[in-house]
Amino acid sequence: MMDIDFKEYKLRCELHGHDDDVRGICVCTDENIATSSRDRTIRVWSLGSDDKRKYLASKILLGHTSFVGPLAWISPNEEYPEGRLVSGSMDTSVLVWNLVNGEVVQSLKGHKMQVTGVTIDDDDIVSSSVDQTLKRWRNGQLVDSWEAHQSPVQAVLKLPSGELISGSSDTTLKLWKGKTSLRTFTGHADTVRGLAVMPDLGFLSASHDGSIRLWALSGEVLLEMVGHTSIVYSVDAHASGLIVSGSEDRHAKIWKDGVCVQSLEHPGCVWDAKFLESGDIVTACSDGVARVWTVRDGMIADQMEIDAYDSQLSQYKLSRKKVGGMRLDELPGLESLTVPGTSDGQTKVVREGDNGVAYAWNMNEQRWDKIGEVVDGPDGAGDRPILDGAQYDFVFDVDIGDGEPIRKLPYNRSDNPYDAADKWLLKENLPVAYRQQIVDFILQNSGQKDFNFNPSFRDPFTGANAYVPGQSSHTAATPAKPLHKHIPKRGVLVFDVAQYDGILKKMTEFNNTLRSDPANTDKSLTEAEVSRMGAIVKTLKDTSHYHATSFSDTDIALLLKVIQAWPTAMMFPATDLVRMLVLHPHGASLLIKHVENNNDLLLDVIKKVTEDSPLPGNLLTTVRVLVNLFKNPSFHYWLQRHHSQILDAFSNCYSSPNKNLQLAYSTLLLNYAVLLIEKKDEEGQAQVLSAALQIAEEESADVDSKFRSLVAIGSLMLEGLVKKIAIDFEVESIAKSAKASKEAKIVEVGADIELLIRQA
């Protein structure tokens, strides 16, 4: 073992205040720290005047509309004596804050997707994004933008030598001089997530592959540090030579000369870790708390605080303790044994204190007999699933179809898959015809593509050798697939119910108002036009004769006159009629002429209803029009071509207090997911994914809106081209949150997404 002179870090203080994950840290000075959070806020913490060990909240910065991630500090000048803070967010914006009053002084908008990194380059700000670009901002204006990687850019850093370095989901890093790529660094096996300067040596990278690398600018790997057991999100270095890294494995690890000298355990994922100039360390945790750690004797927290933290850690670990592959805190209590079993030998595991105890149902005696304590074996055996009291390498869900319940199929890697399939079919009383499908399913989903058949095996039904994978087969059965209850979404959804009487009444009311206003009389409808509007409604109401009815060009012109000429506050009833018109085959064919020409009516309407102070009624009816356009293939090219403009225009709808608008917007995203999967449009899929994730993370989102956004996410991951991007977006935490919902369908689609992640 190396003899490393190192003094252990201990807790100095905790920074409580955020309502959700602390995502990022910015060390302004040793006296001032900023933290960003999933709760959409940034908090500034200042050194306490009474107790120099403590940091106290001094400011809360409010302005982002989704979770905040990367932070950077701009040093003070005469105009900004406390300096400025730069923040990037899931809401696609970069904000610059005045730290004197906590106000936004610049709002930098141009990225199409989540901002993942910000760095200061002299007087410029450079930002990175999931949209694959780097952007340079100067004095609040975008001055340069370039596609830096073929996958999401996850981090950007200014090096002391003057160049920029970027890290990407494509597993590479790139060195930039201006917009010119000087060198590509390869070696990581997964997404490059975090970057830091290593004084006098080069730079550090943290990766989803679980490693940290120290690179020379020449491209040489000087050190590789391996010790984390999961994704490494962040890395930082100190002038002393120490390195700190934060990981999904709940530890911040401290490294010296390439060796891990200490692991600081946390009650959750460690998103970020930074050194103070003094050598103290700040960590950001998913439990909503930032913590400061020190080696200085006079700065260590009181023993009571240390004991309280140790207790918190113990409680957290206990809550995650598994017995027989199940979390202890999720097991039923002893009271569940008052419910009789349903079959002889049925096994149930219950919680008794800090242990899980297995019981078996004795049918003759009508009682639960205690089997014994369930313990987890070594090497992660406790993570193996359990079925009927026994542990397996896999327990698959199998959907037989035809309204049959889901069946559980257990399997161990050491089993012969044909033998396992036959036993299971006999047990479940299922036809032997399913045999090859089940075997193919087992081989596919247990990762045994190169399974070697044992020639001594005999088919229990025919006595003959079984089919050998890779050879010809008389069966053409399609391999069974893992069950996904709600994904992928097939077809599109529409809003096809209208209150026609209410629409006509409101239009008449507005028309009378215009007629009585001398300044707007010319915009009102004549009696003949009002009568014609009634005839349009009558045709739309008669849905059973859509195949035989038609409209005239003057009908369309009349509707367009109202939408284009009437004041913005009065246009929503007419827009609602257009929503129904696009579901009528002939109406849609006439309308598309006004969309495909140089004066695109729909783009004009979108611009009109989203400018200035948008009215909920206009937003709702317009989004519903767009949703219904997906029903007619004639509009698909237009919808794909303008997806970015459309999604950008309505991007704020996800957080609207209007539940109907939330639902309409989430339905728009779901329909876009279906269309863009079909079109194999990766860029479009990525934008829809980003927008759907915002709804999925929105605590106040309506249940149906959240459900549709989750279905969109799952469908894009399963059949689209953005599964890796979704995983980089921490979709796993969204799936876990969904599974904790009280709504059954949210739980089910969360399970669908979680299954996709496990198959990644």
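## Close-up views of a predicted model

**View 1. The open sheet β2-β3-β4-β5.** Four strands make up this open sheet, ordered β2-β3-β4-β5 and paired antiparallel. Strands here are DSSP runs of E with at least two residues, helices are runs of H or I with at least four, and both are numbered from the N terminus; two strands pair if DSSP finds at least two bridges between them. At the edges stand β2 (22-29) and β5 (55-62), each pairing on one side only. On average, neighbouring strands of this sheet are turned by 25° against each other, direction ignored; axes are lines fitted to C-alpha atoms, and angles run from 0 to 180 degrees between N-to-C directions. Look also for β3 (residues 32-37) and β4 (residues 41-47), which are joined in the antiparallel sense by five bridges.

Residues are numbered from 1 along each chain as its sequence is written, and side-chain values use heavy atoms, leaving out hydrogens and water.

**View 2. The open sheet β10-β11-β12-β13.** Here, too, you will find four strands with antiparallel pairing, in the order β10-β11-β12-β13. β10 (115-121) and β13 (141-147) are the edge strands with a single partner strand each, so one side of each has no neighbour in the sheet. From one strand to the next, the twist averages 20°. Strand β10 runs antiparallel to β11 (residues 124-129), and six bridges join the two.

View 3. Searching the whole structure gives two cavities of 30 Å³ or more. On a 1 Å grid over the protein atoms alone, a cavity is a set of points where a 1.4 Å probe fits but cannot get out, and lining residues have an atom within 4 Å of a point. Grid points are joined across faces, edges and corners, and a volume is the space filled by probe spheres set on the points. The largest cavity holds about 60 Å³ of space. Its lining consists of Leu504, Met507, Thr508, Asn511, Leu525, Val530, Met533 and Trp566. Two or more lining residues come from each of α4 (500-515) and α5 (527-541), and α4 gives the largest share, four residues.

Conventions: Predicted model: local features only at pLDDT ≥ 70, side-chain atom pairs only at ≥ 80, totals over all residues. 1 Å grid on protein atoms, 1.4 Å probe; cavity = no way out; pocket = protein on both sides within 12 Å on 5 of 7 lines; lining within 4 Å.
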